[in-house]
Amino acid sequence: MRSEVLNAAARRNLFFSPDALEMILSNSDPMAFANTLLTTLSESSMFIEKKDIMSFIAGDAAVAPERTPIAPKNKKHSDISIVPGTDVTGDSTCEGKIADFATYFKSRFFALKKMIEKRRDFGASVPISRAMTLGRETQIIGMIYEKKETKNGHTTLSLEDECGTCTVLISKDSPCYGDMFVNDEVIGVSGRPSSTGNLFIADKIFRPDVPAGRTWVPSDSVASVAFLSDIHVGSSTFLEKEWEKMIAWLKTNSYDMDLDYLILPGDVVDGIGIFPGQEEELMIADIYEQYEKLGEYIKDIPDHIKIVMQPGNHDAVRLAEPQPALNEVFVKGFDSNVIMAGNPINLEIEGRTILSYHGKSIDDWVASVQKLNYDDPISVMREMLTRRHLSPMYGGRTAMAPEKKDYLVIDRVPDIFVSGHVHGAGKMDHRGIKIINASAWQDQTEYQRAHNFNPNPAIMPVVHLGTGVAKMMDFTK
């Protein structure tokens, strides 16, 4: 009881003298007596003494003057920035020439090769052309351009590096048999050439991957970041009721809980002509009006929240990834607290690195790998981290722009990795990384229903930047 009484006073920035405290504790209901005392006494002094309590009991205590509204606490300046070199906006150089593609794939290969060679269990590699002439155990690194299954049940990989190619044989008796491989990923292989010199027999496969044993290290940040993906303003299935419920929650809770940052990873509007028959499912059929309406919704978000907005495949930017930020012509009326960014990007927020990617390549992962599916986008994202690349498969459903560098290489290990696109909601801890799939604000469309696509909408993930605790705020209930 003593600590409860002291805490009640401390919350009002008041303190009891020892005599005053003993007098309160001797009351038959100390807590009720203390609360009445604290709300009645004048706040002219920080310290309450025994004589103050005696005066209160005698009825002589000054009644506290009418309280003036408490000024809101001063919010510190937001600490958020886009990591240099991770946003293609304003830096696109590709012209679609053959030389651009060569530069693009070399950028990917050498970036991922360096990661593999940094692994403690790998070391330096030997060029493929030289490795095939050696009669001993060695290590090579290459990019997969074809995978096959032999009639005897073995797996072969066509591997290429900067100066040669080879066929890697993974025996069905090998410990690495059954590994998941996708075209254009970069792997390391430990093994030896066959006696005939036409195969490289694999003993072990190495990937760039996230370092094992990595954990989330708590920090002194008290702020939280929330994620709202796939808003799809303009769609007739936009969940306006749930959106308004979420906005009301932000207005009531975000300030006190230090929810200071909000990331929107793409498909912020429904767009025009994205899929067959879309015009029949649009509430707003003009792309400019869709963004104007989005701007109105964004204005309802509390002003202290810093917002990062990215495009997706439904937005009015090029489809090829990496995508630049939305053009000013669409968002010129947006509030100044909105940062327009490309897709993907790395953000630094209060000492945490956040990799934010819309997630279009999930289509290619699901199409290419039998055990991956749309119902479990988190597992797809984990595979991206393992390969340290968001979209290794070239020539699939995700268009890729051959920039001078591959912006989809995960060259920095993030603390939080978020994507959207599939309208799912989920979270996972993986080697110290918070993997988040950020739901949607659109109900199931006729197009989705025809393709047996079941969304999990109106859920806002919130991650505390200090502790790493992730909560999924469900606004459908």
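Student: Which residue does K97 pair with in a salt bridge, and how far apart are the closest N and O atoms?
Tutor: K97 forms a salt bridge with E95, and the closest N and O atoms are 3.0 Å apart. A salt bridge here is a side-chain nitrogen of Lys or Arg within 4 Å of a carboxyl oxygen of Asp or Glu. This is a predicted model, in which local features need pLDDT of at least 70 and side-chain atom pairs count only at pLDDT 80 or more, while totals for chains, interfaces and linings use all residues. Residues are numbered from 1 along each chain as its sequence is written, and side-chain values use heavy atoms, with hydrogens and water left out.

Student: Is E95 buried or exposed?
Tutor: E95 is exposed, with a relative accessible area of 57%. Buried means under 20% relative accessible area, exposed means over 50%, and partly exposed lies in between (1.4 Å probe, protein chains only).

Student: How many salt bridges are there in the whole structure?
Tutor: A search of the whole structure finds 19 salt bridges. One of them joins E137 and R192, with the closest N and O atoms 3.9 Å apart. That pair links distant parts of the chain, 55 residues apart: E137 is in the loop between α6 (128-131) and β4 (138-149), and R192 is in strand β7 (residues 186-193). Helices (H or I, at least four residues) and strands (E, at least two) are DSSP runs, numbered from the N terminus.

Student: What is the relative accessibility of E137 and of R192?
Tutor: E137 is partly exposed at 34%, and R192 is partly exposed at 38%.

Student: Which residue meets K434 in a salt bridge?
Tutor: The partner of K434 is D429, at 3.1 Å from N to O. K434 is buried, with a relative accessible area of 9%, whereas D429 is exposed at 57%.

Student: Which residues are linked in a network of salt bridges?
Tutor: D179, E185, R207, E383 and R387 are linked in such a network.

Student: Let us turn to H430. Where does it lie, and which residues is it in contact with beyond its neighbours in sequence?
Tutor: H430 lies in strand β16 (residues 425-430) and is buried at 13% relative accessibility. Leaving aside neighbours within four places in sequence, H430 is in contact (heavy atoms within 4.5 Å) with R382, L385 and I435. The C-alpha atoms of H430 and E149, 281 residues apart along the chain, are separated by 31 Å.

Student: And P175: buried or exposed?
Tutor: P175 is exposed, with a relative accessible area of 78%, and is found in the loop between β6 (164-170) and β7.

Student: Now the helices. At what angle do the axes of α1 and α2 cross?
Tutor: The axes of helix α1 (residues 2-10) and helix α2 (residues 18-25) cross at roughly 120° and come within 11 Å. That makes α1 oblique to α2. Axes are lines fitted to C-alpha atoms, for helices over the stretch in contact, and angles run from 0 to 180 degrees between N-to-C directions. Angles under 35 degrees count as roughly parallel, over 145 as roughly antiparallel, 65 to 115 as roughly perpendicular and the rest as oblique.

Student: Which residues meet there?
Tutor: R2, V5 and L6 in α1 meet L21, E22, I24 and L25 in α2.
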